[in-house]
Amino acid sequence: MTEAFRNTTLNEDERAALYGVLCRQERDELAVIAGAEAKRKENFKRAKEWGFAKEEITFHEKARKAGDGSSIVTKHSLHQKILAKLGLIPDASNGDLFTDRADRLQMYDAKGEADGLVGEGGPGSSKHPANSDEDVAYMTGWKRGQMKYADNWKAAMEKAQAARSKEEPAADAGDGDPFNLDQTN
């Protein structure tokens with residue numbers, strides 16, 4: 001039986017073509033990144049107009065994605081100790097752990113609310129068995145976050161847009177996108 005011979009050695013033109021493919025892909029990906037950066041810049045500009053710091057938004061996402069036991073929590077604890085030593089904040093290190101700290105279920109509830117507010121998570125995403133105390137706490141918070149967003153985003157956007165333009169609130173375009181307002185008036 002003869003084996004088929006496959007030539008896998010590239011000639012110069014083939015290498016140049018592969019190089020061209022990689023460069024085109026890099027160009028396209030850089031354009032996507034530039035577009036995303038422009039959108040982020042606009043989002044941070046809007047956040048500043050609405051009274052939120054860029055660092056607040058970026059840290060929220062970084063901390064939310066980091067999860068439990070992360071270096072972010074460790075770093076925060078260290079910063080808190082330093083600020084207390086400098087007398088810039090009250091020293092809470094000797095407080096009563098039972099009254100000063102959120103319990104396990106309160107933490108799952110808070111994580112659920114944060115996920116619900118930003119439109120992530122939901123049923124089956126608590127990483128705990130269904131209907132366990134942890135899952136119920138997470139889902140309760142998640143539903144509260146979803147409701148808080150659903151009940152308030154439209155009014156908040158109308159007020160923010162009106163404040164931005166010093167006019168009456170614009171009508172919603174009806175496409176479900178709070179940032180896409182109907183400009184046909």
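How many helices and how many strands does the protein chain have?

Mentor: The protein chain has six helices and zero strands; helices (H or I, at least four residues) and strands (E, at least two) are DSSP runs, numbered from the N terminus. This is a predicted model, in which local features need pLDDT of at least 70 and side-chain atom pairs count only at pLDDT 80 or more, whereas totals for chains, interfaces and linings use all residues. Residues are numbered from 1 along each chain as its sequence is written, and side-chain values use heavy atoms, with hydrogens and water left out.

Of the 185 residues of the protein chain, 17% count as buried. Here, buried means under 20% relative accessible area, exposed means over 50%, and partly exposed lies in between (1.4 Å probe, protein chains only).

The structure holds ten salt bridges. A salt bridge is a side-chain nitrogen of Lys or Arg within 4 Å of a carboxyl oxygen of Asp or Glu. In general, side chains of opposite charge can pair when their charged atoms come close.

One of these bridges joins Glu134 to Arg104, with 2.2 Å between the closest N and O atoms. This pair links distant parts of the chain, as Glu134 belongs to helix α6 and Arg104 to helix α5 (residues 104–118), 30 residues apart. Glu134 counts as buried at 18% relative accessibility, while Arg104, at 46%, counts as partly exposed.

Arg144 takes part in a salt bridge with Asp109, at 2.2 Å from N to O. Because Arg144 lies in helix α6 and Asp109 in helix α5, the pair ties together parts that are 35 residues apart in sequence. Arg144 is partly exposed, its relative accessibility being 33%.

Arg144 also forms a salt bridge with Glu113, whose closest N and O atoms are 3.1 Å apart. Here again distant parts of the chain are linked: Arg144 is in helix α6 and Glu113 in helix α5, 31 residues apart. Glu113 is buried, with a relative accessible area of 18%. Elsewhere, salt bridges that share partners join Glu61, Arg64, Lys111, Asp115 and Glu120 into one network.

Helix α6 (133–165) also has a part in covering helix α1: together with α2 (54–66), α6 is included in what covers the buried residues of α1, contact meaning heavy atoms within 4.5 Å. Those buried residues are Phe44, Arg46 and Ala47.
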